[in-house]
Each structure stands twice: as structure tokens, then as C-alpha cells.
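Student: Could you pick one part of this model and take me through it closely? I'd like to know what it sits beside, and then how the rest of the chain looks.

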Amino acid sequence: MNDEQGVVRRSLIQRWFPERHVYLRSSGDDIRGYVLTSGKQMMMASVAVVAAAWTLVASGGFIFDMIARTQADAEVVQARAASERLNADLQARLETAVVRMSATTGGLDEMAQMVERRHAALTNVMSMFHGVDGAEAALAPAPALSAAAARPVQRIVAVRMDQERLIERAGDFAQTRAERLRLAFRLAGLNPAAYGAASGSALGGPLVEARDPQALAAILDVDEPFAVRIRHAADNLSEMRNLADAAEHLPFDRPTQARTTSGFGVRFDPFNGRPAVHQGQDFAAPLNTPIYATAPGIVSFAGVRSGYGNTVEIDHGRGFKTRFAHLNAMAVQPGQRIALGQRIGAMGTTGRSTGVHLHYEVWMDGRPQNPARFFRAGDQIVQ
């Protein structure tokens with residue numbers, strides 16, 4: 001039976017890859033002949049298939065990144081357009097309120113009380129932005145009108161208008177930051193919804209359950225339209241903080257600023273010249289160039305691994321792990337807690353290595369990921 005299978009296999013090989021003879025004539029009328037055996041033709045066909053597959057994978061990743069960026073940009077443009085329309089409508093309504101309030105002072109006390117209640121709610125919202133980069137400058141209130149330049153009713157209306165603008169800017173600020181973080185997660189090949197889902201409202205307390213605008217207005221003791229805008233700002237801020245907290249624990253940073261020599265995917269093995277899957281990204285630099293942790297975590301391994309030489313592995317939680325291989329020296333120990341940017345070793349050429357370089361890998365749920373995607377995500381967050 002095995003002999004019959006062998007005959008059939010050789011027959012198929014001869015049919016698809018028959019022995020071919022190639023003759024080349026030189027300029028001096030010399031003729032050279034070359035024999036393309038079935039084995040050589042099969043090797044050439046295999047190389048062509050691998051090259052085509054790699055080109056398809058690389059092109060698919062590039063197209064995916066372009067689509068992700070385009071979709072995110074479109075979402076940002078739509079959000080800004082909606083915000084501008086809302087601000088225009090708000091401005092028109094407030095100008096009408098100024099005219100009415102200027103004509104009569106009958107509602108002056110009521111207006112002053114509303115402003116005070118709004119101020120208490122707004123203070124609660126603004127406190128949530130404490131520590132967020134750029135929030136203090138973006139959400140600074142407008143200068144108050146002087147007593148000599150305006151009547152009391154005009155000052156009250158001016159404060160109310162500034163409150164309206166401030167809560168809108170708070171929502172837009174948080175939404176813009178959240179959009180940038182969502183794009184970063186998509187560039188890394190991650191689903192932002194899995195990391196930005198709110199575990200509770202950023203306002204906390206009874207407001208967690210107050211999803212209905214009327215209920216929220218009653219709790220805050222403010223008018224319903226203002227309560228809706230507070231809910232909008234709080235939801236955006238909650239998602240932004242969840243994404244930012246998750247990003248701080250993911251390997252979005254670079255282990256070194258050295259030049260890249262080999263990327264993730266199929267390549268020709270430098271030792272045997274055969275196609276092989278490269279599960280990380282290589283960086284080349286002089287011996288003992290410092291290597292840094294790309295995210296906080298705990299050292300799960302520090303020692304020698306077959307083929308990798310001196311290796312450090314860091315567990316970042318949520319199923320993420322990074323690996324640093326071919327190190328000349330290791331500066332950490334298993335079980336040690338590591339901070340972002342902490343030096344964990346020095347570049348070397350230990351293990352199966354052709355020269356001084358760092359082999360860096362990113363793993364998620366037991367599967368190798370393309371580190372370049374995570375670097376692009378980190379660059380997006382920094383912008």
C-alpha cells in the first residue's frame with residue numbers, strides 16, 4: 001500500500017513539476033543549459049507561496065490600520081459637528097433669556113437660586129477632571145463681569161451662560177480624549193469596548209442609578225436640560241478614565257529607541273535560510289544598551305530559555321505578557337514588581353543570535369501579537 005501511495009505521489013509531482021531544461025545564449029553565441037529538477041521547482045513554488053502570503057498579511061494589516069484611523073476620524077468630526085450645533089442652539093436660547101431678564105427683574109431671585117444650584121452640581125463635575133492633563137486650562141471659567149460694568153441681572157445671566165458653556169466643554173473634552181484612546185486600542189488590534197465599559201458612573205453615589213434625566217435633575221436640584229448635559233459629561237469622563245487606566249497597564253511603550261532590524265511575521269531564518277515565523281520585533285544597538293519595561297507588571301521569569309538566551313518575562317495582567325530576549329545582563333528577579341520605563345536589563349547576543357540585538361515579544365491570552373501595533377497605539381496616545 002505504501003509503495004502504491006509513493007508511486008501516486010511521484011506521478012503527481014511529475015505531472016505538476018516535470019523536469020525542465022532551460023538554455024541561455026550569451027552574447028558570444030555560447031549556450032548554457034540548466035536543469036530545473038522537480039525538487040527545485042517545488043522549492044521555488046513554496047518560496048513564491050510564502051512571499052505571496054506574507055504580502056497579503058502585511059497589506060491586510062496596513063489596510064486595517066487605515067480603516068481604523070478613518071472611522072475614528074469620522075466619529076470625531078461628527079461629534080464636533082453635533083457639539084457646534086448644540087452650542088449654536090444654546091447661544092440663541094441664552095440670548096433670548098438675556099432679553100427677557102433685562103425687561104423684567106421679577107425672576108431675578110429665581111434665576112439667582114438656579115445659578116447657585118447649578119454651581120454646586122458643576123463643582124462636583126469639575127472635580128472629576130482633577131489631574132487630567134490639559135483639563136485645567138480647557139475648563140477654566142470665564143472672567144466675571146465687574147459690578148460697575150453691568151447690572152446684577154446681566155451678571156447673573158453671564159454666569160449662567162458660562163455654566164452652560166463650561167458643562168459643554170467638559171463633555172467635549174472628555175469625548176475627544178475618549179475618541180483618541182479608542183483609536184489607540186483599535187490600532188493595537190484591541191476592542192476598546194472591552195476596556196472602556198464603565199463599572200459605574202464617575203459621579204458615584206446615587207447618580208449611578210439616576211439614568212433618567214428627570215430623576216437626575218431631582219437629585220441634583222437643577223433643571224432637566226442641565227442635568228442631561230451633566231450626565232453626558234460624566235459618561236464621557238467615565239469611559240475616558242477607564243480607557244486611560246487600562247492603557248497605563250498595557251505594553252504601549254517601547255523597550256528601546258534603537259532601530260528596528262526585523263519585524264513580526266514570516267521571514268527567512270538567518271541560520272538555515274528557510275521561511276519561519278518571527279514572533280516578535282528585533283532592535284539593534286551597541287552591547288549593553290539599556291532595555292526598559294514597556295508597562296508596569298510583575299516579573300514572571302528571569303533566566304535562560306532555550307534559543308532566547310538570557311530572558312526576562314513580565315506579566316502585565318489582563319492576559320498580557322512581554323518577553324525580552326538575548327540580554328547580556330538582567331537587572332530584575334522573578335516576583336519583582338516593575339514600573340513603566342524601569343530598566344530590566346541590557347542588550348546582548350546570548351542564545352540563538354547572529355549579533356547584538358533585543359528580541360521583543362508581546363503576548364495576549366497565550367498568543368503572540370505584533371509589537372508594532374502596540375507601538376502605534378502608544379504614539380497615538382502621546383499625540
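Tutor: Let's start with a pair: alanine 329 stands opposite alanine 346 in β12. Keep in mind that this is a predicted model, where local features need pLDDT of at least 70, side-chain atom pairs count only at pLDDT 80 or more, and totals for chains, interfaces and linings use all residues. Residues are numbered from 1 along each chain as its sequence is written, and side-chain values use heavy atoms, with hydrogens and water left out.

Strands here are DSSP runs of E, at least two residues, and helices are runs of H or I, at least four, numbered from the N terminus.

β12 runs antiparallel to β10 (residues 320-330), with 3 bridges joining them. It also pairs with β7 (residues 290-292), again in the antiparallel sense and over 3 bridges; pairing takes at least two DSSP bridges.

Now over to glutamate 313 in strand β9 (residues 309-317). Its relative accessibility is 3%, so glutamate 313 counts as buried. Its side chain makes a polar contact of 2.8 Å with the side chain of arginine 323 (N or O atoms within 3.5 Å; within protein, one able to donate a hydrogen and the other to accept it, with sequence neighbours counting only if both atoms are side-chain atoms). Leaving out residues up to four places away in sequence, glutamate 313 touches several others, among them Phe301, Arg305, Lys321 and Thr322; touching means heavy atoms within 4.5 Å.

Elsewhere, valine 277 lies in β5 (residues 275-278) and, at 62% relative accessibility, counts as exposed. Proline 275 is 7.8 Å from valine 47, C-alpha to C-alpha, though they are 228 residues apart in sequence. Valine 47 is in helix α2 (residues 38-103), and its relative accessible area of 31% makes it partly exposed.

Zooming out, the chain has 9 helices and 14 strands, and 38% of its 383 residues count as buried. Among contacts with a separation of 6 or more, 67% join residues 24 or more positions apart.

Terms used:
Buried means under 20% relative accessible area, exposed over 50%, partly exposed in between (1.4 Å probe, protein chains only).
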